Amino acid sequence: MKITGQKAQVFIDNFNSTSVIVGTGSNMTEARTKYFVLAKGTGSTIPVSDGAFFIAPATGTQITLKSGDKVFKIDPERFCKTSASFELSMGSVDVGDDCDPGATISDGIVSLSGSLAGLFRYDEVTGDFDNVTDVIVNRFLDIVEDSGAGSYNLHPRSDAQIYLLTLLNSGGGSGTIENWLFVPINITSMSLSLGNTDPQSKELSFSRGEGQPVIYKVPAK
């Protein structure tokens with residue numbers, strides 16, 4: 001079976017300290033919630049390592065967060081893409097000698113970069129940016145919210161970690177496997193297109209951030 005790129009759905013969230021959950025030994029994960037692991041305590045039962053991603057069980061017993069566990073609860077919003085690309089590469093080391101000229105071995109360092117393109121999206125009622133657009137713009141620019149009545153709210157430019165989750169095969173029925181590509185990213189550039197006869201659009205370039213990229217397989221709801 002082959003499917004089109006349209007079946008790949010992209011979601012984005014950014015780090016917010018208010019979404020960090022610290023283990024107490026009695027608090028538990030929430031069903032089907034997505035988490036990024038900041039730290040693991042002694043005797044932790046979190047099933048992945050520090051810097052990795054997991055989804056809490058959909059049914060059955062949830063994971064108890066032990067003392068020393070620290071996780072970030074990911075609450076991703078859909079990025080409605082027009083295109084997306086990922087590039088993974090690995091370097092090599094020259095180990096050639098006169099017995100084996102030109103030989104190389106992998107350096108074991110995986111690099112990941114890519115790009116996303118999508119339209120600027122506005123709330124139909126308020127006219128404000130949608131949440132994903134706010135997050136992206138705030139990577140490069142301060143945002144000032146003026147109430148028009150003397151109240152001003154400043155959102156300084158943020159370098160907070162961004163989490164990119166791509167569901168590669170959306171639309172599968174119950175019992176099929178969802179294949180997620182999870183990547184912590186840094187957005188390195190953003191360009192805007194505002195042609196008079198074209199839709200307003202944005203193009204992003206990104207590279208791997210702090211954490212482990214992973215393909216995550218889980219049964220569909």
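## The largest cavity

About 40 Å³ of space sits inside the largest cavity of this predicted model. If you count cavities of 30 Å³ or more, you get one.

Its lining is made up of R78, F79, C80, L119, R121, D130, V132, T133 and K202. Two elements give two or more residues each to that lining: β6 (77-79) and α1 (131-137). Sorted by class, the lining residues come out as four nonpolar, one polar and four charged.

## E178 on strand β12

Next up is E178, which you'll find in strand β12, the run covering residues 177-193. Its relative accessibility is 14%, and since buried means under 20%, E178 counts as buried.

The side chain of E178 has a polar contact with the side chain of W180, at 3.0 Å. Setting aside sequence neighbours within four places, E178 also touches R32, L167, N169, Y216, K217, V218, A220 and K221.

## A8, ahead of β1

Over to A8, in the segment that comes before β1 (9-14). Is A8 buried or exposed? With a relative accessible area of 16%, A8 is buried, because that value falls under the 20% cut-off.

Once neighbours within four places in sequence are left out, the contacts of A8 are K81, T166, L167 and L168. L167 is also on the contact list of E178.

Methods:
Residues are numbered from 1 along each chain as its sequence is written. This is a predicted model: local features need pLDDT of at least 70, side-chain atom pairs count only at pLDDT 80 or more; totals for chains, interfaces and linings use all residues. Side-chain values use heavy atoms; hydrogens and water are left out. On a 1 Å grid over the protein atoms alone, a cavity is a set of points where a 1.4 Å probe fits but cannot get out, and a pocket is an open set with protein on both sides within 12 Å along at least five of seven lines; lining residues have an atom within 4 Å of a point. Grid points are joined across faces, edges and corners, and a volume is the space filled by probe spheres set on the points. Helices (H or I, at least four residues) and strands (E, at least two) are DSSP runs, numbered from the N terminus. Ala, Val, Leu, Ile, Met, Phe, Trp, Tyr, Cys and Pro count as nonpolar, Asp, Glu, Lys and Arg as charged, and the others, Gly among them, as polar. Buried means under 20% relative accessible area, exposed over 50%, partly exposed in between (1.4 Å probe, protein chains only). A polar contact is a pair of N or O atoms within 3.5 Å; within protein, one must be able to donate a hydrogen and the other to accept it, and residues adjacent in sequence count only if both atoms are side-chain atoms. Contact means heavy atoms within 4.5 Å.
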